[in-house]
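User: Please take me through the domains of this protein and the surroundings of its ligand.

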Amino acid sequence: MNEPAVILHKGKDKAVRNRHHWIFSGAVRSLPEFENGGILPVRSADGEFLGRAYVNRDCSILGRMLSFDDRPPLEVLEENIERAIAMRTSFFDASTTACRLINGEGDGVPGLIADRYGDILVIQVSTLGMDRLKPFVLNVLAKATRPRSIYERSSLPSRRGEGLPMFEGLLAGDPVGTVEVLENGLRFRVDVIQSQKTGLYLDQRENRRLVRWLAAGRRVLNAFSYTGGFSVFALAGGAASADSVDISERAIGLARENCALNGFTGENARFHVADVFDFIRNHPLDYDLVILDPPAFAKKKSEVVPACRGYKDIHRIVFQKVPRPCLVLTFSCSFFVDETLFRQVLFQAASEAARNVRILQRHHQAYDHPVNIFHPETDYLKGFLLYVD
Ligand code: SAH
């Protein structure tokens, strides 16, 4: 009871009682003397023990709960990591060798992402508290997965607020570079060091598999293609053609390689280094399936209005120009643009384009990116399969 603790304001303990991981600075009545980034007990205004959090006094998300009972927090952390890995092991067979093993708060492991690419682990640490726990966490990860190498990709702007430098580098094992992985039996080259995210957009795995079934005989546009994931699945599903469009030359280079790796070297696999906004304005859009998977247009709440304008513009142009009928598989990965708002944007675009648009399916992030029911911020990817005629 006498252990120095974070004391919350009266009435500000509800989120933590509901197992939300974050403690905002405004909820905190008092902090003891402590070394920044360390683990402290958390108590309500009445002194009731609520669990333990690692704490950074300089951040608006001041604390992240590691445990919600009186068990040793590192024991809970280890168990959450092991359980997260066990869940993936139960889902994936040898036909998929790239997946997210630890999805931060989604798996009860705040501040840590760990992705597996074959026998390489790539981790991403976003907070000071997790950075201090890194030796412990690496040990648990190494024991549970026995990787050949562990590489860190922690160049996250949010680390600045945590007082952490950007960091990228090998943490353990052999030097890494590119590695080949399988996703549902298809082959992909992943550049672990010089890629976006940790290598692949693993969160779209199920939606790429869906495209394999949707694409048969269709002319496919894969806009914001990155390294060609949707294109490879479309061609594997018998697409008549697949056009990959991305602004990154490097990504398009890898998209071409990934198509070739799977035997798609024909003229029906086409690649365009271009801004999608220009591409859709300047091309006729004779496609039967259009995939739109842009980056997060709204990275902060204040960017929601311009983001929605961007989403609306793209959809209006696509709706106007595609033949009747056309399937459009569209996504938003901006947390701040929720499903309802995204749908309103699609409504506006359909209305301005004067096209009939029907929602056939709704889609979300893959199941190795679980949403913690107590922590809704882990729910970010939403998509619709639309029938435009
Ligand atoms: N669908 C992909 C992931 C897309 S990530 C997959 O399954 O792997 C978003 C991509 O959009 C990135 O590759 C980024 O380079 C690209 N991008 C961002 N802005 C763009 C723009 N204005 N025009 C074209 N591509 C863009």
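The questions and answers below treat the domains and then the ligand.

Analyst: This is a predicted model, in which local features need pLDDT of at least 70 and side-chain atom pairs count only at pLDDT 80 or more, while totals for chains, interfaces and linings use all residues. Residues are numbered from 1 along each chain as its sequence is written, and side-chain values use heavy atoms, with hydrogens and water left out.

User: Which residues in domain 1 lose the most area to domain 3?

Analyst: The assignment, automatic or from a database, places domain 1 at 6-67 and domain 3 at 201-388. Domain 1 and domain 3 bury about 450 Å² between them, buried area being the accessible area (1.4 Å probe) that two parts lose on being put together, summed over both. On the side of domain 1, 71% of what is buried belongs together to Arg19, His20 and Trp22.

User: How many salt bridges does the rule find across the interface of domain 1 and domain 3?

Analyst: A salt bridge requires a side-chain nitrogen of Lys or Arg within 4 Å of a carboxyl oxygen of Asp or Glu. Across the interface of domain 1 and domain 3, the number found by this rule is 0.

User: Which residue has a polar side-chain atom 2.6 Å from a nitrogen atom of the ligand?

Analyst: Among the 15 residues around the ligand (a heavy atom within 4 Å), those that come nearest include Ile247, Val276 and Asp293. Ile247 places a polar backbone atom 3.1 Å from a ligand nitrogen, and for Val276 the corresponding backbone distance is 2.9 Å. The side-chain atom at 2.6 Å from a ligand nitrogen belongs to Asp293.

Definitions and conventions
A polar contact is a pair of N or O atoms within 3.5 Å; within protein, one must be able to donate a hydrogen and the other to accept it, and residues adjacent in sequence count only if both atoms are side-chain atoms.
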